[in-house]
Amino acid sequence: MDWIDLISRVASHGDRDAFARLFEHFAPRVKGFLIKTGSDPETAEDIAQSTFVAVWRKAGEFDPTTAGVAAWIFTIARNQRIDIARRALRHDRALQSPETAYEVETVASPEAIRAQSEDVTRIAKALARLSEEQSTVVRLSFIEERPHGEIASSLGIPLGTVKSRIRLAMKRLRELLDEQK
């Protein structure tokens, strides 16, 4: 499936069929990702739907030179989740008594934010150093959350090879991340 072509068709023509194909493939994965990362099923469904409203509206902003379609969609979902959490926090504050409504919000310290950003950069650099075969299976398995059997079918390789590449990629990632410490 050429996801970039589908996004391009949505952006340039408002192609509903292309959007439906994107939705059918990615919406369950986005919802599953949100549930795995702590959202309840109802909230995950709401976020997945708002994510795809954003995909429809922002399709023209997609730049294939900076990210893959899956990474772009999952980034939108993550941002939607953050926005919803912030709105809920503001709502909760509005319901609190006036004495407690303006207490200082607990936010991550600048050091914690910088450390998190550095971790993301280290992981991205390590992923970029994997072989094309390994990075492909890692992306399909962990970002697109495809089952190993589906990855094997789409790449035309045996299931054992998919598992072996993932195992070797994870080992290589650990080595690369240890080197960077």
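**Entry 1: H7 and H8**

I began with how H7 passes H8, and I found a right-handed crossing. This is a predicted model, so I am reading computed geometry throughout. Helix H8 covers residues 148-155, and its axis lies 10 Å from that of H7, at a packing angle of about 135°.

Next I looked up who meets whom. On the H7 side I listed Thr-136, Val-137, Leu-140 and Ser-141, and on the H8 side His-148, Ile-151, Ser-154 and Leu-155. Sorted by class, this contact holds 4 nonpolar and 4 polar residues, with no charged ones.

**Entry 2: the whole protein**

I then stepped back to get my bearings. How many helices and strands does the protein have? I counted 9 helices and 0 strands. Read from the N terminus, the order of elements is α-α-α-α-α-α-α-α-α. I also looked up the box that the C-alpha atoms fill, and along the principal axes it comes to roughly 65 × 45 × 30 Å.

**Entry 3: H1 and H2**

Helix H2 spans residues 16-36, and H1 packs on it at an angle of about 130°, with the axes 8 Å apart. That angle is why I wrote down H1 as oblique to H2. The crossing of H1 past H2 is left-handed.

For the contact, I found Trp-3, Leu-6, Ile-7, Arg-9 and Val-10 of H1 meeting Ala-18, Phe-19, Arg-21, Leu-22, His-25 and Phe-26 of H2. By class I noted 8 nonpolar residues, 1 polar and 2 charged.

**Entry 4: H2 and H3**

H2 has another partner to look at. Helix H3 runs over residues 41-58; its axis and that of H2 come within 9 Å and cross at roughly 145°. Is this crossing left-handed or right-handed? I have it down as right-handed.

The list of residues here took me a while to write out. From H2 it includes Phe-19, Leu-22, Phe-23, Phe-26, Val-30 and Leu-34, and from H3 it includes Pro-41, Ala-44, Ile-47, Phe-52, Val-55 and Trp-56. The classes in this contact are 15 nonpolar, 1 polar and 3 charged. Looking back, I saw that Phe-19, Leu-22 and Phe-26 of H2 also stand in the contact with H1.

**Entry 5: the largest pocket**

Last, I went looking for open space. The largest pocket has a volume of about 1,200 Å³. Which residues lie nearest its centre? I found Ala-71, Thr-75, Leu-127, Arg-139 and Ile-143, out of a lining of 32 residues.

I also asked where the lining comes from. H1 (3-13), H4 (69-95), H6 (110-128), H7 (132-143) and H9 (159-180) each supply at least two of its residues. H7, the helix I started with, gives the most, with 7 residues. The lining as a whole splits into 19 nonpolar, 6 polar and 7 charged residues.

Conventions. Residues are numbered from 1 along each chain as its sequence is written. This is a predicted model: local features need pLDDT of at least 70, side-chain atom pairs count only at pLDDT 80 or more; totals for chains, interfaces and linings use all residues. Side-chain values use heavy atoms; hydrogens and water are left out. On a 1 Å grid over the protein atoms alone, a cavity is a set of points where a 1.4 Å probe fits but cannot get out, and a pocket is an open set with protein on both sides within 12 Å along at least five of seven lines; lining residues have an atom within 4 Å of a point. Grid points are joined across faces, edges and corners, and a volume is the space filled by probe spheres set on the points. Helices (H or I, at least four residues) and strands (E, at least two) are DSSP runs, numbered from the N terminus. Ala, Val, Leu, Ile, Met, Phe, Trp, Tyr, Cys and Pro count as nonpolar, Asp, Glu, Lys and Arg as charged, and the others, Gly among them, as polar. Axes are lines fitted to C-alpha atoms, for helices over the stretch in contact, and angles run from 0 to 180 degrees between N-to-C directions. Angles under 35 degrees count as roughly parallel, over 145 as roughly antiparallel, 65 to 115 as roughly perpendicular and the rest as oblique. A crossing is left-handed if the near helix is turned anticlockwise from the far one by less than a right angle, and right-handed if clockwise. Contact means heavy atoms within 4.5 Å.
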